[in-house]
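Colleague: Please walk me through this one. I'll ask as I go.

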Amino acid sequence: MPLQIIRNDITKVQCDAIVNAANSTLLGGGGVDGAIHKAAGKGLLLECMKLGGCKVGQAKITKGYNLPCKYVIHTVGPKWKGGNKNERELLESCYKNSLELAKENNCQSVAFPLISSGVYGYPMDEAFKVAVDTVAEFLMHNDMLVYIVVYNKNSLSASSKLFTDIAQYIDDNYVAEHSPYDSRRINNIGESMPLPQTRFIPDDEECYECAESPTMSKPLFEDTADLSDIVITLDESFSQMLLRKIDEKGMTDSECYKKANIDRKLFSKIRSNPAYRPSKPTVIAFCIALELSLAETNEMLLKAGFALSHSNKFDVIIEYFIKKGNYNIFEINEALFAFDQSLLGA
């Protein structure tokens, strides 16, 4: 997927360039800055000494030396002063200028830390939102794989109202689906013994019937639908259905796969192969990009042999966002990441 949120040590990420949250001297410091200089070796410091420092919001590039990347892009983030001193604009500039430098140097992949979120005091949630929003805007017009590297996922949005609401929704719709007499504990992918009167469909079961769920209560076809249209729709594959939906929404292919956080090469495979069988997160990513309703989402999922189910925490989170009319795939991925679920896109 073009934008990935990962939990890792940025000095160990293998990509064309990593971004260093540096200080204005570029001569090393604490946190990410110190870790990158230590891992890169003395060559990085010697090259940085020739650059004459860097202003807040700007970026400069060096070789990667002992790091598993070709380049290090150094940018100086703003210190948090309450939010009224152009902090957001300066932080956006860090990401924009770093991405432009990566593009100028033909980088196909780049990894960012959460700039300014450490000793510079920028609130973690807000720093993350600036990072995602700025990178997403860049990716709408450019092809590049961008990683946002989060060292500790638990620090993300743990106290925000959104995540409190999601946690409550999961509790109401996921936990309540399981019998209190179930002798097995629910594991981290949401599998458990279902209630006897309810049929659940696991992710890996190919099926063309819907689970007994209110999300699929709406009929797939209206009573007045033309028979020929129904037959054509039934016969079409996932790929054909996707392309039809893109046309119906008045979108271009690139608008759709970029909104879905899908790689252009993968979309080309789907377009050229009517029999292509995607993964469940990929199908849902397209549903989010097309802003489909729950009924429409399940209709598209069935084409690939999947369905939404309340026995799966991933599905419950997706249902939450669709019901709220929130189709921001990066915000959805932030939530999925925080709850240890697979991310959308490919």
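Colleague: How far is the sulfur of Cys-94 from the closest cysteine sulfur?

Modeller: The closest one is in Cys-54, at 8.0 Å, which is too far for a bond. A disulfide here is a pair of cysteine sulfur atoms within 2.5 Å.

Colleague: Before I go on, what are the ground rules?

Modeller: This is a predicted model, where local features need pLDDT of at least 70 and side-chain atom pairs count only at pLDDT 80 or more, while totals for chains, interfaces and linings use all residues. Residues are numbered from 1 along each chain as its sequence is written, and side-chain values use heavy atoms, with hydrogens and water left out.

Colleague: OK. How many helices and strands are in the chain?

Modeller: The chain has 13 helices and six strands. They are DSSP runs numbered from the N terminus: helices are H or I with at least four residues, strands are E with at least two.

Colleague: What share of the chain is buried?

Modeller: 51% of the 346 residues. The accessible surface is about 16,900 Å², and 50% of that belongs to carbon and sulfur atoms. Areas come from Shrake-Rupley with a 1.4 Å probe; for residues, only the protein chains shown count as cover.

Colleague: What about contacts along the sequence?

Modeller: Among contacts between residues at least 6 apart in sequence, 66% join residues at least 24 apart. Contact means heavy atoms within 4.5 Å.

Colleague: Switching to helix 7. Which of its residues are buried?

Modeller: Helix 7 covers residues 238–248, and its buried residues are Phe-238, Ser-239, Met-241, Leu-242, Leu-243, Lys-245 and Ile-246.

Colleague: What do the buried residues of helix 7 pack against?

Modeller: Helix 8 (253–259), helix 9 (264–272), helix 10 (280–289) and helix 11 (294–303). After helix 7 comes Gly-250, with a positive phi near 70 degrees.

Colleague: Which non-glycine residues have positive phi?

Modeller: Glu-291 is one of them, with phi near 55 degrees; Asp-340 is another, at about 60 degrees.

Colleague: Where are Glu-291 and Asp-340?

Modeller: Glu-291 is in the loop between helix 10 and helix 11, and Asp-340 is in the segment after helix 13 (329–338). Glu-291 is partly exposed at 41% relative accessible area, and Asp-340 is partly exposed at 49%.

Colleague: Next, how do helix 10 and helix 12 cross?

Modeller: At roughly 5 degrees, with the axes coming within 12 Å. That makes helix 10 roughly parallel to helix 12. From helix 10, the contact uses Lys-280, Pro-281, Ile-284 and Ile-288; from helix 12, it uses Phe-314, Asp-315, Ile-318 and Ile-322.

Colleague: What are the conventions for those angles?

Modeller: Axes are lines fitted to C-alpha atoms, for helices over the stretch in contact, and angles run from 0 to 180 degrees between N-to-C directions. Under 35 degrees is roughly parallel, over 145 roughly antiparallel, 65 to 115 roughly perpendicular, and the rest oblique.

Colleague: At what angle do helix 5 and helix 12 pack?

Modeller: Helix 5 (residues 161–173) and helix 12 (residues 313–323) pack at about 120 degrees, with axes 10 Å apart. So helix 5 is oblique to helix 12. The crossing is right-handed, which is the case where the near helix is turned clockwise from the far one by less than a right angle; anticlockwise is left-handed. Residues of helix 5 that meet helix 12 include Leu-162, Ile-166 and Tyr-169.

Colleague: And helix 3 with helix 4, at what angle do they pack?

Modeller: Helix 3 (residues 87–104) and helix 4 (residues 124–139) pack at about 40 degrees, with their axes 10 Å apart. That makes helix 3 oblique to helix 4, and their crossing is right-handed.

Colleague: Last one. Where is Pro-68, and what does Pro-68 touch?

Modeller: Pro-68 is in the loop between strand 3 (59–63) and strand 4 (71–76). Leaving out residues up to four places away in sequence, Pro-68 touches Thr-11, Lys-12, Val-13, Gln-14 and Cys-15. At 34% relative accessibility, Pro-68 counts as partly exposed.

Note on methods. Buried < 20%, exposed > 50% of the residue type's maximum accessible area, 1.4 Å probe, protein only.
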